[in-house]
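Open the model in your viewer and keep the selection panel at hand. This tour goes through aromatic rings and their surroundings.

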Amino acid sequence: MIQEILKNHIANAFKSVYQIDVDSQSIALENTKPDFEGDYTFVVFAYLKISKKNPEQTANDIGTYLVENAREIQSFNVIKGFLNIVVSEVYWLDFLQSNYQNTCYGLGAKTNQKILVEYSSPNTNKPLHLGHVRNNLLGFSVAEILKANGHEVYTCNLVNDRGIHICKSMLAWIQQGNGETPASSGMKGDHLVGKYYVAFDKTYKEEVKALMAEGKSEEYAEKNAPSILAAQQLLQKWEAGDEETVGIWRTMNGWVYEGFDVTYKKLGVKFDKFYYESNTYLLGKEIVQEGLEKGAFYKKEDGSVWIDLTADGLDHKLLLRGDGTSVYITQDIGTAELKYEDFACERSIYVVGNEQDYHFKVLQLICKKLYKSYAEGIYHLSYGMVELPHGKMKSREGTVVDADDLIDGMLQTAEETTKALGKTYFLLKVDPKKKMMFNPEESIDFQGNTGPFIQYTHARIKSILRNASSIDFENVNSSKISLHKAEKELIFLAFQYAEVIKDAGREMSPGVICNYVYEVAKSFSSFYHECPILKESNEEQKKLRLQICNMTAYIIKSGFALLGIQVPERM
RNA sequence: GGUCUCAUAGCUCAGUUGGAUAGAGCACCGGUUUUCUAAACCGUAGGUCGCAGGUUCGAAUCCUGCUGGGACUACCA
């Protein structure tokens with residue numbers, strides 16, 4: 001890497017000019033701002049104590065040494081305390097020559113690090129919506145990015161298939177369903193079950209209202225409405241293994257899985273393993289017992305089990321209800337154990353919304369207090385909520401953007417496919433940590449920083465390469481060309497792909513890839529307008545430009561693959 | 001009440017371990033096509049980086065306080 005070479009030269013310069021040892025790894029280089037001449041910039045302010053000279057003089061001293069002693073360096077210029085270094089053209093031409101047909105440029109070497117990425121993790125009581133779509137696309141992409149960093153990556157999906165919320169839709173179906181099925185209603189399974197979840201909520205709200213009209217307090221009404229009591233009873237029957245209850249549960253979940261399957265296919269996501277909360281909560285209960293014996297948890301008089309996290313700045317947290325049934329975190333404790341038994345990964349990533357920040361802090365603390373070896377490796381990839389121009393998504397107000405509606409038409413016409421993939425890009429380009437605004441109209445734009453613009457750029461390049469199929473551009477005689485500014489910029493950008501993959505992996509942010517690939521596409525468009533390619537009369541220059549085309553196309557294709565987006569050969 | 005998080009152009013977003021004159025896209029206005037795909041390119045305009053202090057050669061970035069949004073904190077998941 002040229003940066004490492006430059007850092008070593010700079011360290012040598014300090015030694016030679018000022019007789020001071022500077023650790024080359026401590027030297028920071030940044031990319032030179034476009035307004036100035038140069039590739040990399042070394043800021044000398046921090047080193048004035050060593051040089052005992054003013055900034056300009058220091059920068060000049062170092063620059064002079066570099067030009068005299070480093071053949072990779074062509075020239076330098078100094079502005080205030082900024083030493084701008086120009087790397088020789090030959091270096092960039094060599095880089096292009098040796099990488100323009102490298103179909104794995106930028107991908108990291110094998111690290112032997114194993115990473116498990118959990119994402120999607122739906123509830124089986126309603127269909128997927130826009131928020132889930134962000135989750136799925138993020139999870140898939142982050143897994144791909146980590147693979148590109150050389151890690152051994154597995155993906156899993158933890159299905160929340162049990163609990164009080166599931167019992168709610170079951171109850172409504174038992175009471176009001178008249179045996180309705182996806183086949184009899186013609187509804188997609190997950191949507192059908194979702195319908196009964198909404199129906200439950202409606203009945204429940206009415207009951208609460210009625211109780212309050214009788215003069216009961218809101219709190220009393222919410223806890224004693226017949227529907228919620230019946231749902232709780234259903235949950236106890238389920239945990240007790242009541243045959244009829246379990247049968248209905250199995251049937252309804254089956255409908256949901258069939259529905260999810262269709263949606264996952266459309267989204268293009270896959271999982272190495274599915275976990276089901278119904279299988280893991282018992283293990284969670286066991287571990288809670290284990291914690292009680294170890295004294296990490298305590299039991300209240302009513303039989304409920306808690307952990308005291310006040311010493312860590314948090315609160316007391318419930319781990320097991322008084323009636324013995326488990327809560328959300330109970331099964332997560334079990335799942336964490338199971339994941340480690342199955343995969344033994346050093347890192348276990350949970351792609352889950354930031355509304356659960358507290359939950360994961362607690363989960364990790366619990367694992368630490370149980371001295372679990374995997375506690376340190378737990379990482380919550382917390383992403384922001386998706387908002388709509390009209391405000392929040394609220395299922396009861398019908399403002400939810402359904403996942404199936406959003407990606408509909410994905411496999412129909414080419415134009416619709418482009419639009420659907422454009423939405424993927426739209427959802428991935430924002431930093432995961434931040435909440436994002438989803439504007440349905442902007443999501444299908446095709447100008448500027450959009451998926452279609454980048455796909456179009458790729459198709460254009462491919463068109464040129466098809467037209468050049470009879471030209472052999474394997475070897476360029478670099479003595480017969482001079483680099484155009486636009487050519488230089490593209491080569492420099494291509495060079496950075498390797499660093500970008502590292503950045504994206506470290507930040508676990510597909511947005512880093514999006515912004516970079518957009519930068520590349522934009523830069524190519526400029527180059528395309530400024531530099532004739534097939535019409536270039538200088539044969540060597542033409543070959544060089546074709547190499548640039550080839551490498552740029554690779555980067556767009558490879559970068560988009562990390563996002564889960566295909567690029568077309570023609571448009 | 002407690003914890004966390006966010007605030008950058010009219011809108012949506014970038015901005016690396018603190019570095020030069022804070023950048024893109026959309027929208028607006030103007031220009032470019034007998035020429036490799038115009039879903040393109042070039043240009044104009046648009047800013048108290050929420051407010052006030054502090055740290056330092058230097059702060060959108062780090063620290064403190066304030067204002068304003070959001071989330072979590074339930075025997076919901």
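Buried means under 20% relative accessible area, exposed means over 50%, and partly exposed lies in between (1.4 Å probe, protein chains only). This is a predicted model, where local features need pLDDT of at least 70, side-chain atom pairs count only at pLDDT 80 or more, and totals for chains, interfaces and linings use all residues. Residues are numbered from 1 along each chain as its sequence is written, and side-chain values use heavy atoms, with hydrogens and water left out.

Start with ring pairs. Rings of Phe, Tyr and Trp (its six-membered ring) pair if their centres lie within 6.5 Å; planes under 30 degrees apart are stacked, over 60 edge-to-face, and the rest tilted. The whole structure holds 32 aromatic pairs.

Select Tyr91 and Trp92. Their ring centres are 5.3 Å apart and their planes stand at 85°, so this pair is edge-to-face. Tyr91 is partly exposed at 22% relative accessible area. Trp92 is buried at 0%.

Next, select Phe260 and Tyr264. The ring centres lie 6.2 Å apart with planes at 55°, so the pair is tilted. Both residues are buried. They sit four residues apart in helix H11 (residues 243-267), about one helical turn. Helices (H or I, at least four residues) are DSSP runs, numbered from the N terminus.

Finish with charges over rings (NZ of Lys or CZ of Arg within 6 Å of the ring centre and within 35 degrees of the ring normal). Lys300 lies over the face of Trp306, 4.1 Å from the ring centre. Arg460 lies over the face of Tyr528, at 4.2 Å.

Definitions and conventions:
Chains lettered and ligands numbered in written order. Helix = DSSP H or I, 4+ residues; strand = E, 2+ residues; numbered from the N terminus.
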